[in-house]
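I record here what I looked up in this structure, entry by entry.

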Amino acid sequence: MNVIDRLVNSGAVAIVRAQDQQGGQQVADAIVDAGLGCIEVTLTSPGAFEIIASLASRSGVCVGVGTVLNPADVSLARSAGATFVVSPNANPEVIAATKREGLISIPGIATPSDVAIALEAGADILKLFPASSYGPAHLRALRDPFPGNLWCPTGGLSIATISDWFTAGATMVGLGGPLLKGGVGAIATNVSAFLNAIAIAKEIGS
């Protein structure tokens with residue numbers, strides 16, 4: 001199964017943004033152990049490349065790098081084992097570098113202009129960010145002039161809104177803070193709840 005298929009089948013990408021490497025590794029391992037194998041480690045996290053390398057060595061894990069603003073970081077991420085690259089914006093240089101390295105490109109978009117720029121540069125999946133600032137109706141409106149694309153709303157999602165996002169056309173969702181609500185000890189419960197909500201939303205939409 002290729003990377004895009006794995007992301008689509010998962011329906012969610014976990015986002016790890018930590019204050020230190022040990023904490024980031026602990027959170028990442030807890031998420032994977034809870035059954036969510038598609039995970040993004042942001043470059044704002046200390047030791048991000050080391051965490052990526054650790055996750056890449058685990059069976060069944062699809063790991064990517066997030067908050068990529070510099071094309072030079074794409075090559076470093078690939079060397080660490082990342083298979084997809086996520087950015088908060090649509091930077092054509094980062095997208096182009098991602099495609100040259102043979103990785104999946106997931107740039108952040110918010111407007112029709114962003115979408116056009118990202119697609120022209122070769123983006124594979126479009127990350128609506130910050131999703132909570134725009135809402136499902138905005139995603140639905142963006143899809144009309146740009147049909148046939150894969151969408152990943154990220155930022156501020158909740159269990160209660162998952163169904164609305166998939167109804168609006170989300171292919172998958174990005175989940176960060178909500179998975180950590182209640183601390184590391186609650187990650188397994190949070191992951192299970194979100195994956196269940198996503199499965200129900202996808203079944204309703206099929």
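**Entry 1: α3 and α4.** I first looked up helix α3 (residues 48-56) and helix α4 (residues 71-80), whose axes come within 8 Å and cross at roughly 35°. Axes here are lines fitted to C-alpha atoms, for helices over the stretch in contact, and angles run from 0 to 180 degrees between N-to-C directions. Phe 49, Ile 52, Ala 53 and Ala 56 of α3 make the contact (heavy atoms within 4.5 Å) with Asp 73, Leu 76, Ala 77 and Ala 80 of α4. By class, I note seven nonpolar, no polar and one charged residues in this contact. Ala, Val, Leu, Ile, Met, Phe, Trp, Tyr, Cys and Pro count as nonpolar, Asp, Glu, Lys and Arg as charged, and the others, Gly among them, as polar.

**Entry 2: basis.** The model is predicted: local features need pLDDT of at least 70 and side-chain atom pairs count only at pLDDT 80 or more, while totals for chains, interfaces and linings use all residues. Residues are numbered from 1 along each chain as its sequence is written, and side-chain values use heavy atoms, with hydrogens and water left out. Helices (H or I, at least four residues) and strands (E, at least two) are DSSP runs, numbered from the N terminus.

**Entry 3: α5 and α6.** At what angle do helix α5 and helix α6 pack? I found about 30° for α5 (residues 92-100) and α6 (residues 112-121), with their axes 9 Å apart. α5 is therefore roughly parallel to α6 (an angle under 35 degrees). In α5, Pro 92, Ile 95 and Ala 96 meet Ile 117, Ala 118 and Ala 121 of α6. The contact of α5 with α6 has six nonpolar, no polar and no charged residues.

**Entry 4: cavities.** I counted two cavities of 30 Å³ or more. On a 1 Å grid over the protein atoms alone, a cavity is a set of points where a 1.4 Å probe fits but cannot get out, and lining residues have an atom within 4 Å of a point. Grid points are joined across faces, edges and corners, and a volume is the space filled by probe spheres set on the points. The largest cavity has a volume of about 60 Å³. Its lining includes Val 13, Ile 15, Glu 40 and Lys 127, and β1 (12-16) and β4 (84-86) are the elements that give two or more residues to it. The second largest cavity holds about 40 Å³. Its lining has five nonpolar, five polar and no charged residues, and α5 supplies the largest share, three residues.

Terms used:
Angles under 35 degrees count as roughly parallel, over 145 as roughly antiparallel, 65 to 115 as roughly perpendicular and the rest as oblique. On a 1 Å grid over the protein atoms alone, a cavity is a set of points where a 1.4 Å probe fits but cannot get out, and a pocket is an open set with protein on both sides within 12 Å along at least five of seven lines; lining residues have an atom within 4 Å of a point.
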